[in-house]
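Thanks for asking me to look this one over. Here are my notes, in numbered points, to read beside the model.

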Amino acid sequence: MSQRYSFSLTTFSPSGKLLQIEHALQAVSAGNTSLGIKATNGAVIATEKKLPSPLVDDSSVTKVEKLTERIGMVYSGMGPDKRVLLAKGRKIAQQYFLTYHEQIPTRMLVQQLARIMQEYTQKGGVRPFGVSLLVIGTDAGGKPALYQVDPTGSYFAWKATAIGKNMINAKTFLEKRFNDELELEDAVHTAILTLKEGFEGQMTETNIEIGIVDATGFRRLDPSEVKDHLASIAI
């Protein structure tokens, strides 16, 4: 019975579900694990970066991206869909800057990205985005924020969260390790330890990515910095 509704984006099934959105959420759940942690003086996002072949140039593949000078994001799910949302988010941020001559607040940019994703759940001829986003940023007062945006168009503020295939184990680990007094350096270490839970193979500076935001803005850590963090945890 449910198969009758599985190919329609705009028709509810008798159980009250839009099955194409359910499929989009499954695509996110099959993606590489990503996580975010909000600290007292910043926020961190981290993700696995599994390449389809050892012959791929790892420098050409990035999952942690900058939206503005103070906002960054990471994704789990379909990479091409992320590129579309990244381009739209950067355009929204530039339009805001040209209009108001100041950086767009993190929450406002998240709301706009969520609005775009929600629009793709109720239009014919399109499909939902097969990607969830974790967005971190700091606003004018330096207050850090962490948000999750899902294919449904829903968005939530989090202290710490995870998405992707190892989401449940990662969230359980974060619940045990997180506290409200966590500083950024400790948050980076906690993020790495969380990724290690269920990580397949040897974790190196080339197969994970980390992004941080603090009072100076957002940046993606260089592989050498990631290597130093891995070494400090191994000690």
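Which residues in α4 meet T190, L193 and T194 in α5? The first point takes this up.

1. **Two helices in contact.** A170, F173, L174 and R177 are the α4 residues that meet T190, L193 and T194 of α5, where contact means heavy atoms within 4.5 Å. The residues of this contact divide into four nonpolar, two polar and one charged; Ala, Val, Leu, Ile, Met, Phe, Trp, Tyr, Cys and Pro count as nonpolar, Asp, Glu, Lys and Arg as charged, and the others, Gly among them, as polar. The axes of α4 (residues 167-177) and α5 (residues 184-196) come within 9 Å and cross at roughly 145°. Axes are lines fitted to C-alpha atoms, for helices over the stretch in contact, with angles from 0 to 180 degrees between N-to-C directions.

2. **Ground rules.** This is a predicted model, in which local features need pLDDT of at least 70 and side-chain atom pairs count only at pLDDT 80 or more, while totals for chains, interfaces and linings use all residues. Residues are numbered from 1 along each chain as its sequence is written, and side-chain values use heavy atoms, with hydrogens and water left out. Helices (H or I, at least four residues) and strands (E, at least two) are DSSP runs, numbered from the N terminus.

3. **An enclosed strand.** Six of the six residues of β2 (residues 43-48) are buried, so this strand is largely enclosed by the rest of the structure. Buried means under 20% relative accessible area, exposed over 50%, and partly exposed in between (1.4 Å probe, protein chains only). A43, I45 and T47 point one way from β2, and V44, A46 and E48 point the other way.

4. **Partners of β2.** Strands pair if DSSP finds at least two bridges between them. Five bridges join β1 (residues 34-38) to β2 in an antiparallel arrangement, and these two strands form a hairpin with four residues between them. Six bridges join β2 to β9 (residues 208-214), again antiparallel.

5. **The open sheet.** Five strands form an open sheet in the order β3-β4-β5-β6-β7, with antiparallel pairing. β3 (65-68) and β7 (155-157) stand at the edges with a single partner strand each, so one side of each has no neighbour in the sheet. Neighbouring strands here are turned by 25° against each other on average, direction ignored.

6. Helix α2 (residues 79-100) lies across β3, β4 (71-77) and β5 (131-138), at about 25° to β3. Helix α3 (residues 106-119) lies across β3, β4, β5, β6 and β7, at about 165° to β5.

7. **Aromatic pairs.** Rings of Phe, Tyr and Trp (its six-membered ring) pair if their centres lie within 6.5 Å; planes under 30 degrees apart count as stacked, over 60 as edge-to-face and the rest as tilted. The count comes to two aromatic pairs. Y96 and Y100 form a tilted one, 4.7 Å centre to centre with 45° between the planes. Both lie in α2, four residues apart, about one turn of the helix. Y96 is buried at 13% relative accessible area, whereas Y100 is exposed at 52%. Y120 and F129 form a tilted pair at 4.6 Å and 45°; Y120 is partly exposed at 25% and F129 is buried at 5%.
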